[in-house]
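Welcome! Have the structure open as you read.

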Amino acid sequence: MWSYRELFSCPFTLILGSYEYRDLKGYIVMPILNYRLNLLISRSGEIKVLSNIPQIDWRNSTFKLCSAIATNKLSDLYTIDLVRAYSMFYGGICNFLIYENNILPVTIDFINTEKYYFYLEPHIDVNTPISKGKLEDWIILQTALRSGDFDLLVKACKNLAPSNVSSEECNIRSDCGVLKITRRKFEKSSYLRIIPDNTPLRHIIALENQNSHLKIGDIPCEIIH
């Protein structure tokens, strides 16, 4: 068993879309519960990485963010990466505004994971733009995701571009592919089933005065493998 002094459990993040408000720009971000990267640091400073994030570019991006958090080097990140990292501290669905080189949270909401199912169809064309909408459209979308009101979700989703809406699905173009928000579970699907993370990033520290060291097998997270 590999002992560790400190653990950072960082979620994979999706940029759902963006908006413009006058001369300002904002982003909507959603961290993912069931795809994570765990950064473990031993007492000697050795680092071990454990992850179940399926695509290597997604995994590398999450590693960069998690490492910046662990080493307190967030200032070295570009704006879009900072937005992702900030979403890890809040959880849920996050609306951030870029103002004078600052990233300001506008709205942070829980997502009703009992009323909605989320599936991700990874993109093929990396040049396809993410969904854009007005600030009020994204706020209504957040409200719908919190309340579980699918009809309200459809109203907001129709005003995003690109997007695709039906009586059963709201499809949004995220930076990693098409996010399908549905009110029914796909029994068989080639898409990735994802679950929004409503809680902040996990950070566990082993107390120095404990007789027993924490081991990899002690990590309270089912995704280690």
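**Helix H2 and its neighbours**

The buried residues of H2 pack against E2, E3, H1, strand E5 (93–99) and strand E6 (102–109). Keep in mind that this is a predicted model.

**More on H2**

- Which residues of H2 are buried? They are Asp 81, Leu 82, Val 83, Arg 84, Ala 85, Ser 87 and Met 88.
- H2 is made of 12 residues, and from its first C-alpha to its last it reaches 17 Å. That is close to the 16 Å expected at 1.5 Å a residue.
- After H2 comes Gly 91, which has a positive phi, near 80°.

**Helix H1**

- H1 covers residues 56–70, which makes 15 residues. Its reach from first C-alpha to last is 20 Å, close to the 21 Å expected at 1.5 Å a residue.
- Look inside for the buried residues of H1: Trp 58, Thr 62, Leu 65, Cys 66, Ser 67, Ala 68 and Ile 69.
- What do these buried residues of H1 pack against? Their partners are strand E2 (6–21), strand E3 (24–41), helix H2 (79–90), strand E7 (117–122) and strand E12 (192–194).
- Just after H1, you will find Asn 72 with a positive phi of about 60°.

**The pair H3 and H4**

- Helix H3 (residues 135–147) packs with helix H4 (residues 150–157) at an angle of about 160°, and their axes are 8 Å apart. This angle makes H3 roughly antiparallel to H4, because angles over 145 degrees count as roughly antiparallel.
- The handedness of the H3 and H4 crossing is left-handed.
- On the H3 side, the residues that meet H4 are Asp 137, Ile 140, Leu 141, Thr 143, Ala 144 and Leu 145. On the H4 side, Leu 152, Leu 153, Ala 156 and Cys 157 meet H3.
- Sorted by class, the contact of H3 with H4 has eight nonpolar residues, one polar and one charged.

- Ile 204 sits in strand E13, which spans residues 202–205.
- Ile 204 has a relative accessible area of 24%, so Ile 204 is partly exposed.
- How far apart are Ile 204 and Ser 9 in sequence and in space? They are 195 residues apart in sequence, and 8.5 Å apart in space, C-alpha to C-alpha.

Conventions: Residues are numbered from 1 along each chain as its sequence is written. This is a predicted model: local features need pLDDT of at least 70, side-chain atom pairs count only at pLDDT 80 or more; totals for chains, interfaces and linings use all residues. Side-chain values use heavy atoms; hydrogens and water are left out. Axes are lines fitted to C-alpha atoms, for helices over the stretch in contact, and angles run from 0 to 180 degrees between N-to-C directions. Helices (H or I, at least four residues) and strands (E, at least two) are DSSP runs, numbered from the N terminus. Angles under 35 degrees count as roughly parallel, over 145 as roughly antiparallel, 65 to 115 as roughly perpendicular and the rest as oblique. A crossing is left-handed if the near helix is turned anticlockwise from the far one by less than a right angle, and right-handed if clockwise. Contact means heavy atoms within 4.5 Å. Ala, Val, Leu, Ile, Met, Phe, Trp, Tyr, Cys and Pro count as nonpolar, Asp, Glu, Lys and Arg as charged, and the others, Gly among them, as polar. The expected span of a helix is 1.5 Å times one less than its number of residues. Buried means under 20% relative accessible area, exposed over 50%, partly exposed in between (1.4 Å probe, protein chains only).
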